[in-house]
Each structure stands twice: as C-alpha cells, then as structure tokens.
Amino acid sequence: MSEIWTEKYRAREFSDVYGQEDIVSRAEAFVKEKNMPHLMFTGPAGTGKSTLSLIIVKKLYGDDWRSNYLELNASDERGIDIVRQKVKDFARTKSLNSNFKIIFLDEADALTREAQQALRRTMEMFTQTCRFILSCNYSSKIIDPIQSRCAVFRFKQLDRPAIEKIVLSIAEKEGLILEEGVIHHLFAASEGDCRRLINILQASAVMSKEITSDLINQITKSSNNEDIKSIIEHSLNGNFTKAKEMLLEIMLIQSLQGVDIIKSVMKTIPGLGIDDQLKVRLIEKCGETEFRLVEGSDEFIQLEALLASFAVAGYRDKAKAK
Amino acid sequence: MVFSEKYRPRKVSEVTGQGAAMQSILKIITHNTKRPGAILMHGPIGCGKNSALSAIAKEMNFEVIELNASDLRGKDEMRKTVRGAVMQRSLFNKKKMIVIDEIDSVSGREKNGLIELAYLIDQSSYPVFLIANDPYSKNIASLRKKYPLVGFKKLENQDIMNILKKICVGENIVPAETSLKKLALLAGGDARAAINDLQAMGKGIDGEISVAKRDQEIGIFNALKTIFRSNSFAVTDALNNVDMPAYETMMWIDENIPVEFDVREMENAYHYLSRADIFYKRITRHNNWHFSIYSNIFITAGICFSKRKVHDQFVSYRRITRLLKMWQSNKDLKEETAGKFGKAMHCSRRKIFREMPYLKQIYGSMSDGHRESLSEELNLNSEEENFLLEVVKK
C-alpha cells in the first residue's frame, strides 16, 4: 500500500471513477469485448485520465498488466526519437495474454507537430500488436490525422458532488474529522483537480486529523502573495539586490514554480502606482518571461531579468514625476 | 598500481549502486542452458560495467576473454578472433565468459561482421557480454533486437563517496568529508574519474581541492573584471580560460551585475544574460553545439556593452552567495526527486513540480515510520530526503 494517498486511493474499479460516467461505461464495454481502437483522453489535469487507463489495463490483463503496458511521458522524454525507440522496443514482441499491448502516452500535446507526424507513422507501424492511449489537456493541440485514428474521450472537470464523494471516502478510511463546510473549501482549492485535492487533503491530515477550513487555508494560501508584492516594491524602489534575494528565498523555501510567481506578479501590476503606459510594458514582459519558462529556460535568471525591467520602470516613473 | 585497478570490486557484493543490473547479469551467468546467448550492457562512463563483470568472474571463478570491437573489422576478422574465443575450451576446464567492449563502434556498413557475430553467439556455450556506450546507435540495431538490454545507472554522489571512503581506508588517507563530497561532485557520476583524482591528490587532498578551487576563483574574478570593464569586442575571449560549468559562470555574472551597473544598465545586462540562458538551453534541446557560441557572446560582449560608459571606480566583485549555491545544487536534485515521485504517481516531472509544495509538506510532517516507508517506496537517497526536508531559515 502506497504512502502517497493519490496512489493509495487511486480508483481500482470502473465504478470508483467519479464524475465521468459516460466515458467510463464506454471503456467498460471495450474491456468486455477484449478489443478497443486507439484512444485519446483529453481533459484538464487530475480528472482521471491515467487512472482510467490503468483500470483498463488491469482489467484486460490481470496480474500480467505490467508486461503489457508501457507508460510514457512526452514532456519527460528527450525528443520524439527516444519515444519511438521505447515504443519500438516494447511493441516488437506480441502480448502473451491478448491480441494487443497498450501504450499510454501522457502529455501528448507537448509534442511538436513534426513529432506528432512521426508518432502517427509509429502508431500505424505497430497497429498489429499495440493500441495507443494518448492523453492530453487540449485535443486541439493534436494534429487531425492522429485524432481521426482515435476514439476521443473528453474528461470533464470534477464537479462538487464528485469531489465530495472522494473526500468522504478517504476521510472514512483515514479516520479524519471534517469540519462543516470544509468540503467547499477543498473544492475551491483543488479547482476540480483530483491529484491536487488529495495532496492538499494529505498535507492537511499530516498536520491534524481534524480537517478545518483554517487548516486548509493555511496549507494552500499563497503566503507568497505578500512576499511577491514586497519583491515588486523593492524592485520599483531600486532596491534590486533585496528583491533578488527574496525571490530566491521563496523559490527555495516554498518550491514555488516560476510560472506561478509570474502569474501573481502580473496580477499585481494593474494596482501599482505607476504610469499606465509602463504597466502595459511590464505586462508584455511578463508574457515574454512566462513563454520562456514554458519553453524550458532557467526560472531564476528569467525572473531576475523581469525584476530588472521593474527596476527600470520605477526609475523612469520617478524621472517622469520630476 | 592505479587505484582504480587495485580497488576494483572482487565480489558481487562489493559492486556499488547497480542492484538491478547485477541481478540481470547473474541470471544469465547462472543459467544452465547449453547456449546462454548474450546480453547488451550499456550505461554512462565509469559507472561500473567492467567492474561488475570482473567481480563476477573473480567470485565465481570464470576465465574472462576480453575483446575490443574496434579491432574486429569485417566478417573474416570477426570469425577468426571471436570463433577462437567461443570454441576453444578453457585451460583447466574453467568456466569462461566473453566480453566484447565498445560494440557500438563496429560500423553499420560492416553488417556481415555483425551477422557473423550473432551466428557465433548462437553457437557459443559461454555467455557473451556486449558493452555499448550508446545502445541506441544505429550500428547495432540488429544486436539490440536480438539480445536483452541491461542498463547501468549513473552512480549517485553518495555511491561515489562510499567507494572513495573505502579506498581512503586502504590507503591511510584521512580526508575531510567535504573534500570527498567535492571530488564526488566533480566526477559527475564517473567513479573512475573520481578515483583517479583521489590518487592524483593523495594525502594532500584537502589542500589540493581548496587550491583547485582558488585557481578557479582567481580565473572567474579576472574574467568578471574583463567583462565588466573592457570596451572592445575581444571581450568575447574573457571566459576561455575559466574552468567552470556554464551555468555556474552565469550565476557568478548574475551575482555581480547589480554590483557593477546602475538600474538602466542592469536591465540591458539581464536582457543579455537571459538570452544567453535561452541559447544555452537550445544546445541540449536541439542537440546543436553551435548555439553555445551565441550564448558565450551574450554573456561576454552582451554584458560588456550594456554599460553606458566605462566605470572606473573600484568595485570588489562578490562570490556567489550561499542561497545561490543552494539553488544551483538543488536544480538537479529537484529533477531527480520529481522523477521518482512521477514514477510512483504515474505522471510527469512537470506535474510533480506543481505539486511539490504539498509533497514537501506531506513528507516533512508525516510520522517517522511513514516517512521511512515512503523513502523506501520511492527509493530516495539521503540527498533527496534532505531536499524534501529542507527549510531555509528566514
């Protein structure tokens, strides 16, 4: 039994997948017939895409599921060539228990269009021995030729009743005491993402078995909003070194993601007491910085460059006022 | 005698950090068939591929026939050399194993050679171990299809430190723990390199390491002076003699931009530093080293010409701060730790990064018993455990 609750309480039966009823019954039918086309799972994070895929393979192959299932991550593998090589190595042999093996490719939308073309050829090559389940957040980022080869399953963001069911069932098994109204807080904090929900719940439960709204707030509040505000103020006032030090600190202590920091930074810009033209400039810089981070640049260096722009904005604003 | 030979493991139990790979090798060794076939071993330099085989041979009393693939050109040579090894019985009837190193250096055009090799392996009554640096090389695609791949992991710093410690005991060297740690860090997973460094420094290890560090510091301080103060395009050579990884160099420049420049110059300087970082990432992303030229020009000339005029007041440049050092050393740790969580939680490192604040909270606050079993479940090493527990004091 895993120590990580997202694993310990991962649904093991079709009936335990909450909030995706139509999809689940279609998947169940595949298992009954022991046949399925290539599938594409699209939908927001934490709605059950990997879980449903795991249930399908476990139902299809029983205890032998590991040798019939390859889990790949487009965002972790270095390039499409590695993905194809792994697929080839896995697909070369036929399954002993079934007509096909299953390859789950997570975050397929992280692949470029060219890489997707290559993937399409690979899918065709091994269609005799393998079925693909592609998982992505947005189906629009997947090229049409792939979409047309897959049965598309659209996962919905988990709604309040689904979240409630999950929380109640974990609370019962872990002996948690839920304060009235706390489920609403959990729902809001999780934003319908089940992985996030269960992590928040476990992070709270290691502090206290009594789950209260205060506790949830304490765990999830971006204590950093205050910090980020003062980082920006320091930069605007020309105290760059201090700002830089604080930035590094919150990234280290709270393991905060660079992208999240930019989002908070951007939210504060409209409320700053500086010239409006400068605000637009700074927001433009935020956009550029966020893009660079998504492309894989160094969080610290890029955020510092952003702070330097704030410092200059502060300087120009003061010059103008004079 | 070189330490790396003198202290090569003599028993299977002495091989460090390669549990899974060792199991696969032992399986084929102890297999009782007439035609045991071959396995294709791969892994980074200095991670213990040869050591694993020689330890097995010593402990289980095998005679080792070593061949180097770069000497085996074409079908005839392959037949002549390998056939002899495969067919002849061992003197004194000892068990035999055949090791062919650098198998991926046999060029793909010499297909006949490889076909012959596969044929000979099928005939062989001794296990054959093929060692490749790059198992995915096109040259050996045919072998890859035929024989199981056994991957050796890059050694962790802790593994390398353990190896070094054993040698120090044998050689009566009593180094500071921090010196060993630095040696291990420098080696970047290559045990042979670390052992050679240790031998070269010998008993003076503590002194040597700080000297090496001092030289490096003098180098970077001089380079900083050139970058910030010169006013000619020759500044692009400033980093040529600095013996430091690129990211660390960027951190040194980063630390000193606010020391040298005023606000407006600073924005330019950070613009170029951030561009340099982008090109630096493109090197690995597109596997194109030419991008490093741009990266270098941006962090030298780009920074240099960010100033509005040459400054002449005295400035003392700063070493990188403790926090910055931590950030640097945490970067890799964060990746590795996230990778281990990702495997257990069926998701990518990127998704784990987003959950990291919660995962740290969970790990840090759970009871000791639970924490231990979680560490075991994820197979965390002590560095990764510390990373998860780390809280910087304000």
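The paragraphs below lead through a predicted model of two chains, from the overall make-up of each chain to particular elements and residues.

Of the 322 residues of chain A, 40% count as buried. Among the contacts in chain A between residues at least 6 apart in sequence, 76% join residues at least 24 apart.

Five of the strands deserve attention next. In chain A, 5 strands form an open sheet with parallel pairing, and their order is β2-β3-β4-β1-β5. The strands β2 and β5 (150-154) of chain A stand at the edges; each has a single partner strand, so one side of each is left without a neighbour in the sheet. From one strand to the next, the twist of this sheet averages 15°. The pairing may be followed in detail between β2(A) and β3(A), which run parallel and are joined by 5 bridges. Within this pairing, Leu70(A) stands opposite Ile103(A) of β3(A).

Which residues of α3(A) are buried? They are Lys49(A), Ser50(A), Thr51(A), Leu52(A), Ser53(A), Ile55(A), Ile56(A), Val57(A) and Leu60(A). What covers these buried residues includes helix α2 (21-33) and the strands β1 (38-42), β2 (69-73), β3 (101-106) and β4 (130-136) of chain A. After α3(A) comes Gly62(A), whose phi is positive, near 60°.

Helices of chain A also pack against one another. Helix α7 (residues 160-174) and helix α9 (residues 194-205) of chain A pack at an angle of about 35°, and their axes are 11 Å apart. The crossing in which α7(A) passes α9(A) is right-handed. On the side of α7(A), the contact is made by Ile163(A), Ile166(A), Val167(A), Ile170(A) and Glu174(A), while α9(A) contributes Cys194(A), Leu197(A), Leu201(A) and Ala205(A). By class, the residues of this contact divide into 8 nonpolar, no polar and 1 charged.

Gln116(A) lies in helix α5 (residues 113-125) of chain A. Why does Gln116(A) count as buried? The reason is that Gln116(A) has 20 C-beta neighbours inside 10 Å, and a residue is buried if 20 or more other C-beta atoms lie within that distance of its own. Leaving aside residues up to four places away in sequence, Gln116(A) touches Leu111(A), Ile142(A), Ile143(A) and Ile146(A). One of these, Ile142(A), is 26 residues from Gln116(A) along the chain, and their C-alpha atoms are separated by 7.5 Å.

An open sheet of 5 strands in chain B has parallel pairing and the order β2-β3-β4-β1-β5. Its edge strands are β2 (62-68) and β5 (149-151) of chain B, each of which pairs on one side only. The twist of this sheet averages 25° from one strand to the next.

Within that sheet, strand β3 (residues 95-101) and strand β4 (residues 128-132) of chain B pair in the parallel sense over 3 bridges. Here the bridge partner of Ile98(B) is Val128(B), in β4(B). Helix α3 (residues 49-60) of chain B packs on the sheet and touches β1, β2, β3 and β4 of chain B; its direction makes about 150° with that of β2(B). Helix α2 (residues 19-30) of chain B lies across β1 (38-42) and β5 of chain B, and runs at about 145° to β5(B).

Finally, the two chains meet. In this interface, 51 residues of chain A are in contact with 48 residues of chain B. The elements of chain A that give two or more residues to its side are α1 (5-8), α3, β2, α9, α12 (240-253) and α15 (299-321). Of these, α15(A) gives the most, with 10 residues. By class, the side of chain A that touches chain B has 20 nonpolar, 17 polar and 14 charged residues.

Methods. Residues numbered from 1 in each chain as written. Chains lettered and ligands numbered in written order. Predicted model: local features only at pLDDT ≥ 70, side-chain atom pairs only at ≥ 80, totals over all residues. Axes fitted to C-alpha atoms, helices over the stretch in contact; angles between N-to-C directions. Helix = DSSP H or I, 4+ residues; strand = E, 2+ residues; numbered from the N terminus. Left-handed = near helix turned anticlockwise from the far one by under 90°. Contact = placed C-beta atoms within 7 Å. Nonpolar A, V, L, I, M, F, W, Y, C, P; charged D, E, K, R; others polar. Buried ≥ 20, exposed ≤ 12 C-beta atoms within 10 Å, placed from the backbone. Pairing = 2+ DSSP bridges.
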